[in-house]
Each structure stands twice: as structure tokens, then as C-alpha cells.
Amino acid sequence: MTTQDSAADIAQRGGGAPTAFFTADGDRFVPASIARGPWGQTISGNYLGGLLGHVLERDAGEPDLQPARLTVDLFRPAALAPVRIDTSVARQGRRLKLVDAVATQDDTVVARATGLFLRRGEQPADEIWSSPVTMPPIPPTPDPIPRGLTTLVWTYGKEDHTPGPGFGLSAWEHAGPKYIWVRDIRPLVAGGPPPPPPPPPHGAPKVPREDPRGAQRDALNHHP
């Protein structure tokens with residue numbers, strides 16, 4: 001983030017409210033400067049994907065349906081300009097709903113997404129096997145959060161690298177395994193729900209919370 005972006009971000013806070021990545025304007029969403037990706041005046045792909053998921057859940061979500069899968073295709077760079085998202089139901093049955101979303105700018109499709117919603121029900125009593133994933137423990141969220149950051153990123157890779165929330169991707173500059181923990185700390189859309197609370201420290205019991213869905217959540221990526 002540049003000094004100019006930081007100043008614009010502070011100006012938009014208006015009484016301390018955190019700046020959102022997008023603001024709804026009629027049937028379009030206007031990106032803030034903090035939604036810019038690392039490649040010029042374009043919207044970062046993770047925020048555009050989050051916006052597609054937000055609209056899918058807004059238009060198709062139901063209390064008895066659980067979002068189970070979100071697939072996002074980024075066709076071309078999305079300019080740092082208003083974007084429109086339209087949704088349509090591809091299939092709806094008794095147990096599932098499959099919904100498509102298309103993001104356009106100036107009548108040009110820049111991205112699409114598909115969301116699968118499954119009917120909630122009792123889970124089977126038997127244990128479900130899954131392959132183990134070796135990851136560094138979830139890092140604690142700093143308090144206070146360093147000024148000027150919109151996303152907290154911890155990267156792991158080099159053994160001599162101590163990760164920090166604003167150190168970028170320097171730990172990935174090697175040929176071995178790469179890991180990353182990402183936590184967004186701003187609302188996706190102005191007026192929408194804030195990001196969920198930080199996860200419990202590593203080893204602490206997990207406390208169930210209502211509706212852990214949404215675009216702002218902890219993301220886990222593993223790059224062998």
C-alpha cells in the first residue's frame with residue numbers, strides 16, 4: 001500500500017469506521033482503492049472472488065442451505081472501476097441448489113463463479129477420514145493491528161524467516177514447500193457484516209459461532 005492509498009483510506013474512515021473493499025451503488029459495486037491488486041489499476045482477484053461469493057449468498061442463500069462449494073474463474077483483469085454481478089439458478093432440487101454468477105464491466109465479462117448450496121441435515125456418526133495437512137499453527141492477530149494494513153499475511157517457507165503480518169511473500173523466494181495464512185480485517189461491502197472474530201489460539205478448544213460464512217474469513221493455502 002502506498003502513502004497515497006493510506007491517506008485515502010484514512011479519509012474514507014469517517015469517524016473510525018473501517019473502509020470496506022466495495023460500496024454498493026444501485027446494481028453495481030464500486031471498489032475502494034484498497035481493493036487494488038499488485039498489478040496496476042485492477043481489482044485484486046481474491047476480493048473480486050469474495051464479491052461474487054457475497055452476491056451468490058445474498059441472492060440464493062437460504063437458512064436451510066449450507067454453502068458447500070465456491071468455484072471462481074477470472075477471465076481477464078478487472079479494472080479498478082464499478083462492477084456488476086448477475087446471478088441465475090442453474091439447478092434447484094430438494095437437496096441442493098446450484099447458482100451461477102457473472103461479473104461484468106462495460107458489458108464485458110471479467111469473471112464468473114458457481115456456488116453449490118446443500119440442504120442442512122444430521123451428519124453421519126462414523127468418523128470421516130481425510131488426509132493430514134501439515135501447516136504452521138494459526139498465528140495470533142496482532143493487537144493493535146499495524147496501521148495501514150488491510151489484510152494480514154503470514155508466509156512460511158524459508159527456515160530462517162520469521163513471518164510477520166506485513167512481511168509480504170519474501171519467505172516464498174525459495175524452491176521448497178510454501179505456506180501462507182491470510183486474514184482479511186475489513187468488511188467486504190460497506191454496510192455488510194464485519195469479518196468474523198479471530199480463531200482461537202493453536203491448541204485451544206474451538207467455540208462454535210453463528211454463520212461462519214462470508215468472504216472475510218481465514219484462508220488456508222498450501223503450495224507444495
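Predicted model: local features only at pLDDT ≥ 70, side-chain atom pairs only at ≥ 80, totals over all residues.
User: Which strand does E7 pair with, and in what sense?

Analyst: Its partner is strand E8, residues 178-184, and the pairing is antiparallel. Two strands count as paired if there are at least two bridges between them, and here there are 6 bridges. Within this pairing, Thr155 sits opposite Ile180 of E8.

User: Why is Ser44 called buried?

Analyst: The cut-off for buried is under 20% relative accessible area. Ser44 has 14% relative accessibility, so the label buried applies. This residue lies in the loop between strand E2 (28-31) and helix H2 (45-60). Setting aside neighbours within four places in sequence, Ser44 contacts Ala35, Arg36 and Gly37.

User: How do you know what length to expect for helix H2?

Analyst: The expected span is 1.5 Å times one less than the number of residues. H2 has 16 residues, and its first and last C-alpha atoms are 22 Å apart, close to the expected 22 Å. Its buried residues include Tyr47, Leu48, Leu51, Leu52 and Leu56.

User: What makes the rings of Phe21 and Tyr47 a stacked pair?

Analyst: The structure holds 1 aromatic pair. The ring centres of Phe21 and Tyr47 are 4.0 Å apart and the planes meet at 25°, so the pair is stacked. The limits are centres within 6.5 Å for a pair and planes under 30 degrees apart for stacking. The two residues are 26 apart in the chain, with Phe21 in the loop between helix H1 (3-13) and strand E1 (22-25) and Tyr47 in helix H2. Phe21 has a relative accessible area of 0% and is buried, and Tyr47 is buried too, at 6%.

User: Why does Ala101 count as buried, and what does Ala101 touch?

Analyst: Ala101 is part of strand E5 (residues 96-105). With 0% relative accessibility, Ala101 counts as buried, since the limit is under 20%. Not counting residues up to four places away in sequence, the residues Ala101 touches include Leu52, Leu56, Ile85 and Ala111. The C-alpha atoms of Ala101 and Ala111 are separated by 8.5 Å, and the two residues are 10 apart along the chain.

Technical notes
Residues numbered from 1 in each chain as written. Heavy atoms only, no water. Helix = DSSP H or I, 4+ residues; strand = E, 2+ residues; numbered from the N terminus. Buried < 20%, exposed > 50% of the residue type's maximum accessible area, 1.4 Å probe, protein only. Contact = heavy atoms within 4.5 Å. Phe/Tyr/Trp six-rings, centres within 6.5 Å; stacked < 30°, edge-to-face > 60°.
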